[in-house]
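Colleague: Please walk me through this model. Keep it brisk.

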Amino acid sequence: MSGALLSSTLELLALNPPGWGAVLLWGLWHSVLIAAGAFALGLGIGVLGAYGKIYGGPVTKDLLAVYTTVVRAVPELILILILYFAVTDALNQILVALGREKVQISGVAAGILVLGVVQGAYATEVLRGAILSVPAGQIEAARAMGMPPVMLARRVTLPLMLALALPGLANLWLIATKDTALLAVVGFAELTQATRQAASTTKAFFTFYAAAGVLYLAVSLASTLIFSVLERRARRGQRPVQG
Amino acid sequence: MIRSLLIPRRLVMLAILAVMAGLVVAYGRWEWLGNPKYQALIVRGIGNTLILLVLTMAIGMALAIPLGLAQAVGPWYLAVPARVFCSVIRGTPLLLQLFLLYYGIGSLFPGIPGIRDSWAWPILRDAWYYAVVGLSLSVAGYEGEVMRGAFKAVPHGQLEAARAMGMPRLTIFRRIWLPQALHRVLPTLGGETVLQLKATPLVAMITVVDIYAVASRVRSETLITYEPLLLLAVVYLGITGVIVTLFRWFEGRVPQRVA
């Protein structure tokens with residue numbers, strides 16, 4: 001009985017059709033792709049947002065406060081829906097106004113854009129805290145040496161804050177990989193959506209959802225490992241934290 | 001709070017916001033809000049969301065205490081399973097966990113002979129219970145990790161002093177250890193409750209009728225894209241505001257000594 005169960009499970013998860021293993025791995029690849037893109041976009045927004053929150057004028061600060069507060073208070077699922085429809089609508093209206101054909105945005109691009117805006121709000125807060133804890137003397141010394149602002153950020157502030165920001169950023173990356181599952185609601189072909197298809201076609205619900213869980217878990221365990229290596233590297237030469 | 005809004009640039013921003021909100025209200029399609037069927041659904045949906053939030057936070061925290069304790073001081077045969085449980089919950093998306101519970105495990109039950117006639121069948125068929133279990137386990141996984149840190153952070157001298165006074169172990173736990181650990185968690189608990197609130201709309205994916213499911217139904221029945229989503233955003237912003245205010249008030253009532 002258990003032998004038959006095992007072989008039928010392996011058959012379902014086989015890489016070649018009629019097994020669904022390749023479909024799941026393809027979904028996983030899309031998930032990781034979207035998560036990586038969204039994380040990178042979020043980092044970009046986060047660096048700009050953090051600098052805006054610290055050094056920006058009063059209006060910039062207020063607008064950024066509204067952005068981070070609203071995005072962090074509304075469920076991601078709803079933000080994804082609103083942004084997805086709004087972005088598609090706006091793009092198509094612009095295209096129609098320009099006299100072009102309407103387009104269907106690719107799932108990966110839309111997913112990266114939508115999740116990136118969400119990630120950006122969290123990254124802004126993480127990076128702001130990290131930048132603020134860079135010793136002021138270091139920044140002042142660089143300024144006294146006549147470094148232009150961009151070079152100062154590149155050579156002093158960002159490398160020094162990296163060690164402090166990495167735990168928060170690792171957390172954000174894990175959130176990004178898990179948030180890609182929400183895109184299944186809009187019908188993107190990522191891992192959860194692929195699993196749903198496989199499960200409802202074969203009726204082997206338990207097998208496929210458990211398999212997808214293992215894949216997500218593998219990604220998150222591998223990420224934790226990579227980030228701990230990165231953190232050790234970013235901390236090299238720094239005194240260990242007492243405590 | 002009010003005074004900080006009365007600066008000229010903020011007054012201008014508020015005015016712009018008010019004009020935008022006015023335009024949305026005036027030109028948006030809100031006629032479905034007048035429909036008594038939808039009004040009743042909206043009230044029921046918000047009620048279900050709030051019940052889910054409070055219930056799963058309570059069950060989850062109750063599970064998180066033994067999980068945290070097992071990880072902090074438990075023997076290996078309790079610590080290892082607790083750590084694995086927390087890693088699995090924190091390492092996989094909640095949506096997938098809900099699917100696994102409702103469609104995965106839920107699909108195994110009908111195979112058990114005689115279960116359709118038993119008292120448990122109405123419960124096993126109802127998505128509501130799967131949602132409560134899934135959300136509670138999620139809270140337990142995340143908070144178990146937080147409680148582990150909190151139990152470890154209670155100063156050793158406190159426990160040793162209690163032991164020196166001859167307190168039995170259970171009394172030490174009840175009177176010294178648990179209260180001080182909970183005290184440490186309190187500031188983060190407000191944020192965790194907001195995160196849990198943001199996780200509740202996922203239950204709509206397994207057919208539970210919360211406020212998100214109501215909005216989805218309005219969208220599919222009336223073919224209005226944005227207005228129900230905007231209402232949802234406002235509802236969640238409002239509930240978040242209430243949670244933050246409540247926890248701030250509660251924190252103010254708990255005596256705090258910062259060393």
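Modeller: Below are questions and answers on chain build, contacts and helix packing.

Modeller: This is a predicted model; local features need pLDDT of at least 70, side-chain atom pairs count only at pLDDT 80 or more, and totals for chains, interfaces and linings use all residues. Residues are numbered from 1 along each chain as its sequence is written, while chains are lettered from A and ligands numbered from 1 in the order in which they are written.

Colleague: How many helices does chain B have?

Modeller: Helices are DSSP runs (H or I, at least four residues) and strands are runs of E (at least two), numbered from the N terminus. Along the sequence, chain B reads α-α-α-α-α-α-α-α-α-α. Chain B has zero strands, and its helices number 10.

Colleague: What is the radius of gyration of chain B?

Modeller: The radius is taken over C-alpha atoms, and the globule rule is 2.2 Å times the number of residues to the power 0.38. For 259 residues that rule gives 18 Å. Chain B is well over this, so it is more spread out than a compact globule, with a radius of gyration of 23 Å.

Colleague: Is B:Leu33 buried or partly exposed?

Modeller: B:Leu33 sits in the loop between α1 and α2 (36-73) of chain B. A residue is buried if 20 or more other C-beta atoms, placed from the backbone, lie within 10 Å of its own, exposed if 12 or fewer, and partly exposed in between. B:Leu33 has 13 such atoms within 10 Å, so it is partly exposed.

Colleague: Which helix gives the most to the side of chain B that touches chain A?

Modeller: Contact means C-beta atoms, placed from the backbone, within 7 Å. By that test, 29 residues of chain B meet 29 residues of chain A. Helices α1 (8-27), α3 (76-91), α4 (94-108), α8 (169-199) and α10 (227-253) of chain B each supply at least two residues of that side. With nine residues, the one that gives the most is α4(B).

Colleague: How do α2(A) and α5(A) lie: oblique or parallel?

Modeller: Axes are lines fitted to C-alpha atoms over the stretch in contact, and angles run from 0 to 180 degrees between N-to-C directions. Helix α2 (residues 21-55) and helix α5 (residues 107-132) of chain A pack at about 40°, with axes 5 Å apart. Under 35 degrees is roughly parallel, over 145 roughly antiparallel, 65 to 115 roughly perpendicular and the rest oblique. Therefore α2(A) and α5(A) are oblique.

Methods
Contact = placed C-beta atoms within 7 Å.
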